[in-house]
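Here is a brief report on one structure. Please keep the sequence and the model in view while reading.

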Protein chains: 2
Amino acid sequence: MKLYGYYRSSTSYRLRIALELKGIAFENIPVNLLQSEQKGAAYTSRNPFGSVPMLEADGRDRAQSMALIEWLDEAHPERPLLPADLEDRYTARELAYAIATELHAPLNLPVLKYLKNPLGHSQDEIDTWYRHWLARTLGPVEQRLAQLGTGDFLFDRPGFFEVVLLPQVYNARRFSFDFGDKPHIERIEAACLALPEFQRAHPDNQPDNPERSQ
Amino acid sequence: MKLYGYYRSSTSYRLRIALELKGIAFENIPVNLLQSEQKGAAYTSRNPFGSVPMLEADGRDRAQSMALIEWLDEAHPERPLLPADLEDRYTARELAYAIATELHAPLNLPVLKYLKNPLGHSQDEIDTWYRHWLARTLGPVEQRLAQLGTGDFLFDRPGFFEVVLLPQVYNARRFSFDFGDKPHIERIEAACLALPEFQRAHPDNQPDNPERSQ
């Protein structure tokens with residue numbers, strides 16, 4: 001498999017974690033978003049969404065990270081990301097899709113760029129916007145985790161939810177979001193970051209990260 | 001089952017279509033978003049996201065429309081929304097999740113309200129924002145449909161993709177979005193709206209629609 005992605009893209013990061021957790025080998029192909037490589041004809045002819053990640057596998061180019069993760073789990077059922085139990089599957093998806101559908105888009109680069117130009121907002125206003133939507137979704141996620149009595153992971157090992165949570169928490173930390181009242185999320189973050197799968201998938205350790213420690 | 005929703009909420013509309021297509025009887029319980037009923041303690045104690053839709057079924061309150069639709073299809077496998085074939089499942093999810101993850105949130109009421117206050121944008125600027133994001137995702141969706149040679153529906157009958165597409169198209173028409181260069185989307189819209197399941201689910205035919213034709 002070939003994963004076209006960008007080290008700091010949270011959706012690319014999701015896929016890296018998913019592939020690592022499933023133990024699927026992949027070739028990492030950086031796409032330079034800052035140079036709009038994903039908008040070039042060579043790329044959009046394969047992925048009309050002009051987005052990362054794109055996964056080339058079994059002769060098909062697939063876009064859209066959540067559809068990809070659902071596909072990965074169906075096409076490669078070993079080391080499942082979703083639990084087997086129907087109720088648990090719902091629980092994992094509720095929390096993951098809260099982040100993927102409510103939170104991701106307003107914080108994504110195209111929206112942040114639009115706020116700057118044409119809407120003319122300052123970086124301060126954009127930072128406030130960013131933290132506003134983080135609080136609005138991560139607050140209820142924390143509440144649900146508390147209701148469920150969650151420990152180090154949502155279930156006995158990291159899976160579907162953690163694949164989506166960790167990249168969002170990484171982004172939130174870049175914007176100095178305060179996790180002081182979110183002990184469940186912080187505990188899950190720490191437990192995940194201690195695992196080699198999450199370390200290999202981390203933006204800090206990607207070849208296209210210019211600040212990568214050698 | 002009890003569906004808590006709002007006639008014009010696109011995620012509530014998704015669930016109504018899904019339940020209708022699956023032939024599952026449900027009680028429709030209106031939640032008045034304009035009066036912020038979904039933010040009251042009685043509601044948020046059941047659904048911390050403070051959002052519609054919420055589905056009460058099998059003694060559990062479920063939130064998050066995409067997680068709900070995936071759950072419905074697993075818990076009630078008759079009349080499946082997702083096709084059986086692995087590749088077709090991916091195709092349906094790619095298109096549905098493009099709309100649910102990229103497009104829905106920037107057009108959702110909380111974001112539009114924030115653009116107005118505190119950001120101070122005019123209705124004209126908000127309408128331009130709205131159509132900008134519609135074009136950005138529905139353009140590639142149309143391209144994919146053209147690549148796939150889609151007819152009246154993505155597959156032989158409406159399912160997962162149409163459940164997500166139709167509410168977004170309904171919203172787009174309210175904002176006078178031009179579908180002139182999107183014949184595949186328009187054809188699917190027309191084919192769906194001709195079906196009684198989509199007619200019963202339509203915002204025009206909900207009891208909480210103040211303009212409902214008697």
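The report covers a chain interface and then a single residue.

## Basis

This is a predicted model.

## The interface of chains A and B

On chain B, 50 residues are in contact with 50 residues of chain A. The two chains bury about 4600 Å² between them. Carbon and sulfur atoms give 60% of that area. In chain B, the greatest losses of area to chain A fall on Phe49(B), Tyr90(B) and Tyr114(B). Together these residues make up 15% of what that side buries.

The rule finds 10 salt bridges across the interface of chain B and chain A. Arg93(A) and Glu74(B) meet through their side chains in a salt bridge, at 3.1 Å from N to O.

## What chain B brings

The most come from α4(B), with 15 residues. By type, the residues of that side are 25 nonpolar, 11 polar and 14 charged.

## Glu162(A), a buried charge

Glu162(A) sits in helix α7 of chain A, residues 160-174. Glu162(A) is buried, yet has no salt bridge. The nearest side chain of opposite charge belongs to Arg157(A), 8.7 Å away.

What is Glu162(A) in contact with, leaving aside neighbours within four places in sequence? The list is Ile17(A), Phe153(A), Leu154(A), Arg157(A), Pro167(A), Ile188(A), Cys192(A) and Phe198(A).

Notes
Residues are numbered from 1 along each chain as its sequence is written. Chains are lettered from A and ligands numbered from 1 in the order in which they are written. This is a predicted model: local features need pLDDT of at least 70, side-chain atom pairs count only at pLDDT 80 or more; totals for chains, interfaces and linings use all residues. Side-chain values use heavy atoms; hydrogens and water are left out. Helices (H or I, at least four residues) and strands (E, at least two) are DSSP runs, numbered from the N terminus. Buried means under 20% relative accessible area, exposed over 50%, partly exposed in between (1.4 Å probe, protein chains only). Lys and Arg count as positive and Asp and Glu as negative; His and the chain ends are not counted. A salt bridge is a side-chain nitrogen of Lys or Arg within 4 Å of a carboxyl oxygen of Asp or Glu. Contact means heavy atoms within 4.5 Å. Buried area is the accessible area (1.4 Å probe) that two parts lose on being put together, summed over both. Ala, Val, Leu, Ile, Met, Phe, Trp, Tyr, Cys and Pro count as nonpolar, Asp, Glu, Lys and Arg as charged, and the others, Gly among them, as polar.
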